[in-house]
Amino acid sequence: MREITYLEAIKEGIQQIMEKDEDVFLIGEDIGLYGGSFGLTRGLFDIFGEERIRDTPISEAGLIGTAVGSAITGMRPIAELMFSDFSTVAMDQIVNQAAKVRYQFGGKAQVPLTIRAAHGGGAGFAAQHSQSLEAIFAHIPGLKVVMPSCPYDAKGLLVSSVYDNNPVIFLEHKVLYKNKNYAQDVPEKIYEIPLGKGDIKKEGKDLTIVATSYMVQKSLDVANELKEKMQIDCEVVDPRTIKPLDTDIIFESVKKTGKLVCVEEACSFGGFMGEIASQVAEYCFDYLDAPVVRVASKNCPVPYNYKLEQEMIPNQDKIKESILKLLDIKE
């Protein structure tokens with residue numbers, strides 16, 4: 001079995017796409033000779049040169065605007081934002097331009113743009129570099145939002161994102177970059193995973209856990225522990241893309257188990273899991289044996305202090321506690 005890290009999988013996908021398609025290029029800050037703030041693009045400059053690895057000034061609005069324009073005129077740019085937090089500087093280009101162009105021109109203009117960004121906390125980068133902003137992007141018609149949780153998904157979803165003719169926000173959890181946990185065999189050849197198709201990471205019959213990004217791995221830790229120690233059989237569902245959302249896979253799981261726990265790293269108020277809880281309540285109410293439970297971060301900026309940061313973000317203990325409370329079981 002070929003095991004590579006999350007970072008290596010994304011980098012390999014980028015390189016293979018660029019070798020296959022000359023219309024694909026990278027644009028971002030420090031992605032050239034420096035190799036990216038997390039080292040993901042290291043070595044690509046030597047292969048593709050400055051024409052296809054375009055370093056920009058520190059201007060997110062400028063680099064995203066350039067990427068949008070090039071996409072409209074036929075290129076397939078992959079734009080890197082060092083941190084998803086910096087997308088707020090480029091919100092006009094993302095929300096009012098990229099997301100709207102195809103609709104406003106009746107499909108005659110397309111925006112095949114992939115915006116990659118490191119997101120999430122747990123790495124000690126403090127409040128301005130650790131947010132989970134996926135709900136903001138998912139709220140905007142015209143944008144697609146991808147949140148891979150493992151190396152296999154990361155490569156396949158990245159390839160599909162680049163070949164989609166709509167703007168895609170591709171959120172990479174920074175804590176996962178060096179991660180091989182729950183590794184699958186990552187093919188050396190190029191492959192695609194369809195956007196809008198979720199995945200059952202662990203089958204179960206007692207309770208459904210829907211989680212995104214790094215929270216999928218934490219949920220799997222808990223599910224495996226509960227199965228081994230308490231014979232509680234949890235099913236773990238990873239939507240993989242939250243826009244479009246694979247509601248079918250979620251609904252079928254809830255219909256089977258009758259119980260739902262939603263886990264996300266974003267702040268609980270206004271978080272995307274509220275959308276999943278709402279849809280399940282609307283379309284699967286008669287199958288629910290208990291209220292939907294949400295596990296999310298506290299509603300405050302991400303602290304720089306390590307202990308406070310870990311207290312804010314959902315961990316395995318908090319997920320486990322919520323599951324046992326829902327099942328009315330005491331350890």
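Q: Which strand gives the most to the lining of the largest pocket?
A: In this predicted model, strand 11 gives the most to that lining, with 3 residues. The elements that give two or more residues are helix 6 (134–138) and strand 11.

Q: What makes a residue count as lining the pocket, and which are closest to its centre?
A: A lining residue has an atom within 4 Å of a point of the pocket. Of the 20 residues that line the largest pocket, Gln131, Ser132, Leu133, Ala266 and Cys267 are the closest to its centre. The pocket holds about 270 Å³ of space.

Q: Why is cysteine 267 called partly exposed?
A: Its relative accessible area is 28%. Buried would need a value under 20% and exposed a value over 50%, so cysteine 267 falls in between and is partly exposed. Cysteine 267 is found in strand 11 (residues 260–267).

Q: What is cysteine 267 in contact with, leaving aside its neighbours within four places in sequence?
A: Contact needs heavy atoms within 4.5 Å. On that basis cysteine 267 is in contact with Ala296, Ser297, Lys298, Asn299, Cys300 and Met312.

Q: Why is the pair of phenylalanine 38 and tyrosine 177 called tilted?
A: The ring centres are 5.1 Å apart, and a pair needs centres within 6.5 Å, so the two rings count as an aromatic pair. The planes are 40 degrees apart; stacked would be under 30 degrees and edge-to-face over 60, so the pair is tilted.

Q: What makes this pair a tie between parts that are apart in sequence?
A: Phenylalanine 38 lies in the loop between strand 1 (24–28) and helix 2 (44–48). Tyrosine 177 lies in the loop between strand 6 (168–173) and strand 7 (199–202), so the pair ties together parts that are 139 residues apart in sequence. Ring pairs also link Phe38 and Tyr177 into a cluster with Tyr6, Phe83, Phe86 and Phe125.

Q: How do you know whether tyrosine 177 is buried or exposed?
A: Tyrosine 177 has a relative accessible area of 5%. The limit for buried is under 20%, so tyrosine 177 is buried. Phenylalanine 38, at 26%, is partly exposed.

Q: Which residues line the largest cavity?
A: The lining includes Phe38 and Tyr177, along with Gly36, Leu40, Glu80 and Arg116 among others. Strand 4 gives the most to this lining, with 3 residues. The volume of the largest cavity is about 50 Å³, and a search of the whole structure finds 2 cavities of 30 Å³ or more.

Q: Why is helix 7 described as largely enclosed?
A: Of its 13 residues, 11 are buried, so helix 7 is largely enclosed by the rest of the structure. Among the buried residues are Pro151, Asp153, Leu157 and Val162.

Q: How do you know what span to expect for helix 7?
A: At 1.5 Å a residue, 18 Å is expected. Helix 7 (residues 151–163) reaches 19 Å from its first C-alpha to its last, which is close to that value.

Q: Which residues have the most contacts inside the largest nonpolar core?
A: They are Ile64, Ile94, Leu113, Ile250, Ile276 and Val280, in a core of 46 residues. Helix 3 (residues 60–72) gives the most to this core, with 5 residues. A second, separate core of 31 residues includes Leu7, Ile31, Leu40 and Leu157.

Methods
Residues are numbered from 1 along each chain as its sequence is written. This is a predicted model: local features need pLDDT of at least 70, side-chain atom pairs count only at pLDDT 80 or more; totals for chains, interfaces and linings use all residues. Side-chain values use heavy atoms; hydrogens and water are left out. A nonpolar core is a set of buried Ala, Val, Leu, Ile, Met, Phe, Trp, Tyr and Cys residues joined through side-chain atoms within 4.5 Å. Buried means under 20% relative accessible area, exposed over 50%, partly exposed in between (1.4 Å probe, protein chains only). Helices (H or I, at least four residues) and strands (E, at least two) are DSSP runs, numbered from the N terminus. The expected span of a helix is 1.5 Å times one less than its number of residues. Rings of Phe, Tyr and Trp (its six-membered ring) pair if their centres lie within 6.5 Å; planes under 30 degrees apart count as stacked, over 60 as edge-to-face and the rest as tilted. On a 1 Å grid over the protein atoms alone, a cavity is a set of points where a 1.4 Å probe fits but cannot get out, and a pocket is an open set with protein on both sides within 12 Å along at least five of seven lines; lining residues have an atom within 4 Å of a point. Grid points are joined across faces, edges and corners, and a volume is the space filled by probe spheres set on the points.
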